[in-house]
Amino acid sequence: MYIPHILLVFCMFLVPVSAGPYFLEIYPDTWLNGDEDEYVTIGWDRNPGTCTISDGEGTITFSPTEPGLSSCTIARNGEQYKRVWGRYPSFEILDSSPLVPQVTHQGRFQMGNKKDDLTLTCQGIIWDSVTWPEDFKPRTGQIHFRSPDGAWDPRVLMAGGSRLTPETFQNVSGTTSVSPDCSRQVLEDVIKNSGKTILLNIYEFTDPGLAELLCDACNRGVTVSVLMEGSPVGGVPHEEFPVIYALTMAGADVRMMDGTGEEHPPYRFNHAKYLVSDGHLVFLTTENFKEHSFPHAGFAGNRGWAVVLDNEGLAQYFSEVFLGDFGCTGVNKASGREGAWDDPVTDGFTQVFAPMTFEGAMVTPVFSPDTGILIADMINESSDRVWIQQAYIKEYPKNGTNPFLAAAVNAARRGVDVRIQLDGYYYNIEGDQDNDEMVTWLNTLAARENISLKAKVLYPEKTGLLKVHTKGVIADDKVLVSSMNWNENSACFNREAGAIIHSRDAASYFATVFLLDWAEKSKSTSAGKASVNDPEYIKAITLAAVMIFLIILYRRYHR
């Protein structure tokens, strides 16, 4: 298993407050049949001497002696542990390898999948204990681990998943764009100008034009690696197989995250959408590589946000995450087949927005399930505005709380201008608990509590957009561009990717787009001509033009 060094940084932050030995990680219910790779890791500030761990039915005894270490792992089967993790544990319970020291044991020690308790004793003193499901809720394939404060971390860490910590990069320059107006050309330029490497992580890929550009990159010597989701909702679309075939024949390394059983991937869905070019550019978007996601100029499509970020450190961060996912369990070579390209059928659309460059930004990557809570922190820190455009928002099941939605509501309660736009495409409004009901509930809550919260559904027939596919937030002078839908699955189980960009220019750009969408005055017609005589449309376009002019003016006199 590939473990980039950025993931190992996490271990430095896992020292609980206690000075004595403590349980650090527990993996009781594994993907392997028979749970032969189950393990427990203990940590310490000073060598604990001889230790025992008991589960009430058996006791294991071991003595960590290797100098310089602050933790050790005891696995049930050392060879099976190595099969999964690529290295041997510190100790093993079963005698599977002469290379791994064995613990001594009395009775039968094997952790229960759903219910058990462990006690850690060192030098005759009881130092720690843990009981599940009280201290944590067990789940097949989940590793339970301690937070820096010593509590069991509520984040979901599945076997093989990354352990990223927040990191902010300074002095980042970039380019903002939106679909359907202008993102296509920006994306094409990034691919065309790539000279060495392209790393692409994408949920679905059916756009033949973008496939041809990547094939061209392969043909001029660019190393192209593509990671896709192998089991998207509804299955792999038939248009994707010719894309895979063409990329593979051109020399790209195309893989899918689609393992099952013992080869289970660490994420429920690989839902991220980003591209890293030549070790310094990151193209980050809310959109898949589909014909309606990045339409050519003058044609209708989804509303989506995108940004190119130029910074070597940031690109290295994204690259290491990509390579970790690209080589993880459950990722296999993709198989394609020849087929004809389908020509997209769409209405015309009058372009309003052009790309805009910015400089001097601070950028914090956001990857779920690792650091997704940064989105709630961003909202909690706002004082002026929180404008949200999402494909949909859902509360967590089993009476759970969506932390992002809760943060937005609380922001409105303290006087922040909170506006929420949700998609009005048929499959997001035809159920009994989807976007139109969410908007009604939010507006009712706002009226009842008299708070500064407004929500609306953006219907295609009013906006001219095919649908709203954005997953973005503008909070004061920060903007989030990400792949994360606001539901439990995206936040806790999927691989999602995004970035919080602290830049007045970037935030103002997307705020202008947001206001035009709020006015519902984007236009599409079968002839592709704008309704230029519509006074409200003229007003909205004028507003957009004025705001863009003010951004440019501000930048000119504040360099």
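Author: A term to start with: buried means under 20% relative accessible area, exposed over 50%, and partly exposed in between, with a 1.4 Å probe and protein chains only. C328 is buried, with a relative accessible area of 6%.

Reader: What are the ground rules for this model?
Author: It is a predicted model: local features need pLDDT of at least 70, side-chain atom pairs count only at pLDDT 80 or more, and totals for chains, interfaces and linings use all residues. Residues are numbered from 1 along each chain as its sequence is written, and side-chain values use heavy atoms, with hydrogens and water left out.

Reader: OK. How many disulfides?
Author: The count comes to 1 disulfide, taking a disulfide as a pair of cysteine sulfur atoms within 2.5 Å.

Reader: Which cysteines does the disulfide join?
Author: C51 and C122, with S to S at 2.4 Å. The link is right-handed, with 105 degrees about the S-S bond.

Reader: What does the pair tie together?
Author: C51 lies in strand β3 (residues 51–54) and C122 in strand β8 (residues 116–122), so the pair ties together parts that are 71 residues apart in sequence. Strands (E, at least two residues) and helices (H or I, at least four) are DSSP runs, numbered from the N terminus.

Reader: Are C51 and C122 buried or exposed?
Author: Both are buried.

Reader: Switching to helices. How do α4 and α5 cross?
Author: The axes of α4 (residues 208–219) and α5 (residues 240–250) come within 9 Å and cross at roughly 10 degrees. Axes here are lines fitted to C-alpha atoms, for helices over the stretch in contact, and angles run from 0 to 180 degrees between N-to-C directions.

Reader: Which residues meet there?
Author: A211, L214, C215, C218 and N219 in α4 meet V243, A246, L247 and A250 in α5. Contact means heavy atoms within 4.5 Å.

Reader: Last one: what about the whole protein?
Author: It has 13 helices and 28 strands. Of its 559 residues, 57% count as buried.
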